[in-house]
Amino acid sequence: MNILFVRVPLESCELLQYSTFTYFGEPTGLNYIAEAAAQRGHAVKIHDMYLDPSPEGLLTVVSDYGPDVVGFSSLIIGYDNVTLLSKMLKAICSKIKIVVGGPCTFMPSTLMMRDNPDIDYVIKGEGELAFARLCDFLASDTRSDFQEIDGLTYRVNGHVVENPKNRFIDAGTIAFPVNRYQPYEDYMKGSIITTVLGPPPMVFMEASRGCSFKCSFCGVSEPYRKRDPEKVVSELAQLKKKYSATRVIFADYSFTANRRHAEKICSLMIEKGLNMEWGCDTRVDCVSMPLLKLMRRAGCRIIFYGIESFSQQTLDKLNKGTQTSTIHEALRNTRKAGIQSLAYMMLGAPGETREMILKNAKTLNKCGVDYALWGIVRLFCGTPLFERAVKMGVAQRHSGEMGCLSGDIDQIPVFSKTLTYDELKDLEMHVTRHFYYRLGYVFRRLIRIRDGRELVRLVKQARFLFVNHVLRFYS
Ligand code: B12
């Protein structure tokens, strides 16, 4: 079968003609599924609409390549493009089978299928096994076996049927598709990750899959599985040799969720003299001083911490499972170990007032964090927080679902009862500006500059902040 994978752009197609993307890396997930399908003998091609967002570009690829199946990969933000593009493709060729996957499947699959008759299948979560099996079945026309495909949603006589997702890939079999890697050098210039870590070639590597924590705002529902450290490090070595990749972002939900596992990877990176600079996401309760020191020796330059809030009440309401004292300790230790930190912060959590948000921002500004990204607590349908909001009458199920399906971040409902969406947006801007435009912050960043490259990166970051925060605020 001819399979075309499409990474769906984030904003609406019309708008995209004018936007420049600086906020992404390679289509890691699609590379994995494409490799799995290719190994089963299917012909595969990836069309990345982050690089060419025009619908015309997609139409040209479709008419040249003639796919039997199109697999769309999308986040929830930008999901409206799945609706638009699937309609467009079905209009020109009704025989093409459309399969949807990726992080948008945090949303209930049945909802996605009922909303859009042009989608033939949705595959929830990780897609390697299910997608390849689906293509095998489509090729051999053994449709009655669809119920065997884990996590597949499909139609039987017009009715939407969802198979539960019970089986997860054995982490031992996951292998980075080294030959599919594309360094994306030109496109990642100015990206937030290159600002914090340095220029490409940069690779997104998984050391583990899934997450066992149960934060109420997140829709991930796959168990944590660790990959073999030897395999991870040997793949990194291959990528370095083949593509001169010197920077790595670990794409795990929490790289240090299992400390022993993280230690093993770091030790191997040191032992093999990998000499790569890297960053990872993790939680404050999954690090310790010895581990952080080891990570630094292994090349870790930045840790992205999901801090969310410095209020214990808010952390508990978000089911974060962390303590404020642990946050302070982790940030202090990270700094001492010589690693930079980025704090993901949330505002507008249940029960949060303006005063609490401002207090939170003040505490953050005193913590010595290097970067901060604030985001409003949004109610993604399919998450426990969404269900709670519906139960409490804070959000209407139908409008909440429609808000998510619209793919427009401004349409996704928020939890806050005390602050309006516009007030939250103003506060988001306010706390961000107050983080970056502090004399102490600027001074600290300046004295930490190690070389000319870092200075250039800092200037770029300042320009980015100026355009996005100062100009946007005053326009
Ligand atoms: C690294 C990362 C980034 C990087 C860029 C990544 C990139 N390559 O472009 C940076 C830091 C820039 C980033 C930015 C953002 N990110 Co981000 N990011 C991640 C992270 C940590 C890893 C992504 C990854 O490589 N995963 C590994 C691969 C193998 O998994 P995957 O892509 O999900 O693919 C698997 C399945 O989804 C599925 N699949 C994927 N596509 C398809 C298609 C088909 C047809 C099928 C059947 C299956 C399928 O199979 C794949 C293999 O098993 C994830 C969290 C996570 N651990 O996944 C968040 C995550 C993807 N990001 C998220 C968000 C919200 C964003 C931002 C919008 C944040 C913001 N406010 O700006 C931006 C958007 C950037 C963009 N342009 O896409 C959310 C998405 C939420 C959602 N449900 O939509 C996630 C899930 C984090 C979270 N828990 O909330 N991100």
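This is a predicted model: local features need pLDDT of at least 70, side-chain atom pairs count only at pLDDT 80 or more; totals for chains, interfaces and linings use all residues.
Trainee: Which residues come nearest to the ligand?

Mentor: There are 37 residues around the ligand. E26, Y50, S73, I76 and E128 come nearest.

Trainee: What polar atoms lie 2.7 Å from the ligand?

Mentor: Take S73 and I76. In S73 a polar side-chain atom sits 2.7 Å from a ligand nitrogen. In I76 a backbone N or O atom lies 2.7 Å from a ligand oxygen. E128 uses its side chain: an N or O atom there is 2.8 Å from an oxygen atom of the ligand.

Trainee: Which elements give two or more residues to the shell?

Mentor: Those are α2 (28-39), β3 (69-73), β4 (97-101) and α6 (128-140). The largest share, five residues, comes from α2.

Trainee: How many shell residues are nonpolar, polar and charged?

Mentor: The shell around the ligand has 21 nonpolar residues, nine polar and seven charged.

Trainee: Where does the ligand lie relative to domain 1 and domain 2?

Mentor: Check which domains supply the shell. Domain 1 (2-162) and domain 2 (188-377 + 414-474) both give residues to it, so the ligand lies between them.

Trainee: How are two packed helices described?

Mentor: By the angle between their axes and the distance between the axes. Here, helix α13 (residues 354-365) packs with helix α16 (residues 421-436) at about 20 degrees. Their axes are 10 Å apart.

Trainee: Are α13 and α16 roughly parallel or roughly perpendicular to each other?

Mentor: Angles under 35 degrees count as roughly parallel. Therefore α13 and α16 are roughly parallel to each other.

Trainee: Is the crossing left-handed or right-handed?

Mentor: α13 passes α16 in a right-handed crossing.

Note on methods: Residues are numbered from 1 along each chain as its sequence is written. Side-chain values use heavy atoms; hydrogens and water are left out. A residue is near a molecule or strand if one of its heavy atoms lies within 4 Å of it. A polar contact is a pair of N or O atoms within 3.5 Å; within protein, one must be able to donate a hydrogen and the other to accept it, and residues adjacent in sequence count only if both atoms are side-chain atoms. Helices (H or I, at least four residues) and strands (E, at least two) are DSSP runs, numbered from the N terminus. Ala, Val, Leu, Ile, Met, Phe, Trp, Tyr, Cys and Pro count as nonpolar, Asp, Glu, Lys and Arg as charged, and the others, Gly among them, as polar. Domain bounds come from an automatic or database domain assignment. Axes are lines fitted to C-alpha atoms, for helices over the stretch in contact, and angles run from 0 to 180 degrees between N-to-C directions. Angles under 35 degrees count as roughly parallel, over 145 as roughly antiparallel, 65 to 115 as roughly perpendicular and the rest as oblique. A crossing is left-handed if the near helix is turned anticlockwise from the far one by less than a right angle, and right-handed if clockwise.
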